[in-house]
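Hi,

Here is the structure I promised to pass on. Have a look at it first, and then read on for what turned up.

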Amino acid sequence: MTGPVVLLAEELSPATVDALGPDFDIRRCDGVDRDDLLVAVADADALIVRSATRVDAPVLAVARRLKVIARAGVGLDNVDVKAATQSGVMVVNAPTSNVVSAAELAVGLLLAAARHVAPASEALRRGEWTRSKYTGVELYDKTVGIVGLGRIGVLVAQRLSAFGMQVIAYDPYVQAGRAAQMGVRLVGLDELLAEADAISVHLPKTPETIGLIGDAQLHQVKPEVILVNAARGGIVDEAALYAALKEGRVAAAGLDVFASEPCTDSPLFELDAVVATPHLGASTVEAQEKAGVAVARSVRLALAGELVPDAVNVQGGVIAEDVRPGIGLTERLGRIFTALADGIAQHLDVEVRGEIASHDVKVLELAALKGAFADVVEENVSYVNAPLLAAERGLEVRLVTNPDSPDHRNLVTLRGTRADGSQVSVSGTLVGIQQRERLVEIDGYDVEIEPTDHLLLVNYDDRPGMIGAVGRILGDAGINIAGMQVSRDRQGGHALVAMAVDSAVPAGVAQDVRAAMDAVWVRRVDLAD
């Protein structure tokens, strides 16, 4: 075989090899054995791994022919995406391969917790026949609160609805009409906590969601509530959950994920009211096979030079060279747009002006959607599922092009309408020979600031002392300001201060800024990979 070399570094299903087809020289190595991996990858055009093989800078340094790394699964913790991007190597995964498995596990954990399956089983193994001790509760006619109505959350809602449960959900990025079509009533988080007999978490792990369900929230729930987290560790504060279980403020919990993994020693494991599994969400035969087949198809596309929808970094395909530099910028604009809108807008225009408008810029619309949903759904967002996510949430999208751009050679603007009818927009461009990214407009205010990893945006009434106030608060919190731009609509009117900061701004600090400035709104944006 003289075709491109595809290196399989871990055991993959026969279906994966079949999906690759006969056009490649398929080789195998032990990815856990670093020496074996470093020798084998030197001649590889594509590398397919699962979770055990660590693909980092030293591997990329010897893999001179490598064009694509494929992770047969959802997570990418074992792949250095930044190093791969710098080396020009595409990274792909299988973002939807485990959604059914993860949903089914969440339902299984809820059932197990409701019926005390784990402690009853252990008691029986010890020779104890203690039926009355493990009397459980039915799910029928109870209310389940889904925290995060993404793809997995929807599957859980559908399955629990079939159990005769009433389904409510908290997700500020889903339109109420879309939820109603699924028979789900959207509520605020406080209302969900107060009403639900069972709570199932299905959110991505972001600075906004870490500790979302903590001590204060667990004082709002019914004492008979059952809490399930099969999404990401850290969203539920484990210390607060332990205290709530010990004090009888939470009846039971089902956990598949933990703040620090692997986790084999937790106070939660001492409690009969807790059923726990070692992050088994994707650990089914079906999910593993779906993942392998999906990445095999992506490898074929990548090595053929075509657009790879599930690529998480470098995009292939017939994209004009003048358009390519704007992909990353537009994706960041999407993330900023969602932060400004404080949720998914009802309508989004992706406006592309200038010289690049003469090319096919459809990829920029996809990039905008990918960014818009990156921080708000549990599953990985790709160029193939971003339009589907928009359709599911009732977001209307339109691509608008115009060769005229009076102020910039090229300009990308994301403009939309919030649920209350107000407008939101953000614009960016690339400047200089090195094509550096710049934000040039935020919500109607002219600015010029680099979209760094961490941004703080504050809209307030223009009056003296405000910049000093925000600087003092950030300084007291140990947060350094790397760059700042102030813009206003008129003297004494409304103003915007956009700050690039060296570290993420905690929610409490943002609240202090809003209170001190009596701000109209404060938005934190974290663009770090």
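A quick word on naming before we start: helices and strands here are DSSP runs, numbered from the N terminus. Also keep in mind that this is a predicted model.

**A sheet with helices on it**

Start with the open sheet. Six strands make it up, in the order β14-β13-β15-β16-β17-β18, and their pairing is mixed. At the edges sit β14 (396–402) and β18 (445–449), each of which pairs on one side only. If you ignore direction, neighbouring strands in this sheet are turned against each other by 20 degrees on average.

Inside the sheet, have a look at β13 (residues 347–354) and β15 (residues 410–417): they run antiparallel, and eight bridges join them. To find your place in this pair, go to Val350, which stands opposite Leu414 in β15.

Two helices to look for here are α13 and α14. Helix α13 (residues 325–341) packs on the sheet, where it touches β13, β15, β16 (423–431) and β17 (436–442). The direction of α13 makes about 155 degrees with that of β16. Helix α14 (residues 362–374) packs on the sheet too, touching β13, β14 and β15. For α14, the angle is about 135 degrees, taken with the direction of β13.

The pocket is lined by 17 residues, and the closest to its centre are Asp322, Ile356, Arg409, Asn410 and Gln435. Which elements give two or more residues to this lining? They are α13, β15 and β16. Of the elements, β16 gives the most, with four residues.

Notes: Residues are numbered from 1 along each chain as its sequence is written. This is a predicted model: local features need pLDDT of at least 70, side-chain atom pairs count only at pLDDT 80 or more; totals for chains, interfaces and linings use all residues. Side-chain values use heavy atoms; hydrogens and water are left out. Two strands pair if DSSP finds at least two bridges between them. Axes are lines fitted to C-alpha atoms, for helices over the stretch in contact, and angles run from 0 to 180 degrees between N-to-C directions. Contact means heavy atoms within 4.5 Å. On a 1 Å grid over the protein atoms alone, a cavity is a set of points where a 1.4 Å probe fits but cannot get out, and a pocket is an open set with protein on both sides within 12 Å along at least five of seven lines; lining residues have an atom within 4 Å of a point.
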